[in-house]
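Here is a short report for someone meeting this structure for the first time. Look over the sequence and the model, then read on.

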Amino acid sequence: MEGTPVNPMQDPRQLGMMGKKAMQLGNFPDALRIFSMGLKQVHLLGLPPQWAAPFLLDRAECFWRLGDVQASMQDMEESLRHGLPRDDFFAEVTAARFNS
């Protein structure tokens with residue numbers, strides 16, 4: 001990906017930033033759509049599974065905020081399978097995000 005111009009809508013890093021901005025603005029439906037696009041690009045570009053973990057985590061928060069607890073839990077479990085850290089500090093920070 002380095003050095004090659006990429007459409008921002010195809011660059012997982014750009015999609016991640018755009019999704020986070022939508023979340024900051026409280027626009028969870030758009031953030032959910034953007035994070036889903038990011039996941040699709042991770043798969044299309046053949047990136048390592050660890051690239052999917054942050055998208056899944058952020059998408060889980062969007063589902064949670066939109067009241068879809070089941071989808072939120074599925075994405076959280078999937079993010080752990082894709083390499084999201086499982087330490088105590090991470091658990092505290094993540095719990096605080098979901099409860100704010």
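Contact means heavy atoms within 4.5 Å. Cysteine 62 touches Met23, Phe28, Ala31, Leu32 and Phe35, not counting residues up to four places away in sequence.

This is a predicted model, in which local features need pLDDT of at least 70, side-chain atom pairs count only at pLDDT 80 or more, and totals for chains, interfaces and linings use all residues. Residues are numbered from 1 along each chain as its sequence is written, and side-chain values use heavy atoms, with hydrogens and water left out.

**The cores**

Two terms come first. Buried means under 20% relative accessible area, exposed means over 50%, and partly exposed lies in between (1.4 Å probe, protein chains only). A nonpolar core is a set of buried Ala, Val, Leu, Ile, Met, Phe, Trp, Tyr and Cys residues joined through side-chain atoms within 4.5 Å.

The largest nonpolar core has 16 residues. Met23, Ala31, Phe35, Leu39, Ala52, Phe55 and Cys62 touch the most other members. Helix 1, helix 2 (28-44) and helix 3 each supply at least two residues of this core. Helices (H or I, at least four residues) and strands (E, at least two) are DSSP runs, numbered from the N terminus. Which helix gives the largest share of this core? Helix 2 does, with 7 residues.

Serine 79 is found in helix 4. Serine 79 is buried, with a relative accessible area of 0%. Leaving out residues up to four places away in sequence, serine 79 touches Ala53, Leu56, Leu57 and Leu84.

**The salt bridges**

Side chains of opposite charge can pair when their charged atoms come close. A salt bridge is a side-chain nitrogen of Lys or Arg within 4 Å of a carboxyl oxygen of Asp or Glu. How many salt bridges does this rule give? The count comes to 6. Among them are these:

| Arginine 13 | Aspartate 11 | 3.4 Å |

Take arginine 13 and aspartate 11. Arginine 13 is partly exposed at 36% relative accessible area, while aspartate 11 is buried at 9%.

Lysine 20 is partly exposed, with 39% relative accessible area. Aspartate 58 is buried, at 4%.

Arginine 59 lies in helix 3 and aspartate 75 in helix 4 (residues 69-81), so the pair ties together parts that are 16 residues apart in sequence. Are arginine 59 and aspartate 75 buried or exposed? Both are buried. For aspartate 75, the relative accessibility is 7%. Its contacts, leaving aside neighbours within four places in sequence, are Leu56, Arg59, Ala60 and Phe63.

**A surface patch**

Patches are made of residues with over 30% relative accessible area and no salt bridge; like charges are joined within 9 Å, and nonpolar side chains (Val, Leu, Ile, Met, Phe, Trp, Tyr) within 5 Å. Trp64, Val69 and Met73 form a nonpolar patch on the surface. Together they have about 260 Å² of accessible area, by the Shrake-Rupley method with a 1.4 Å probe, where for residues only the protein chains shown count as cover. Tryptophan 64 lies in helix 3. At 34% relative accessibility, tryptophan 64 counts as partly exposed.
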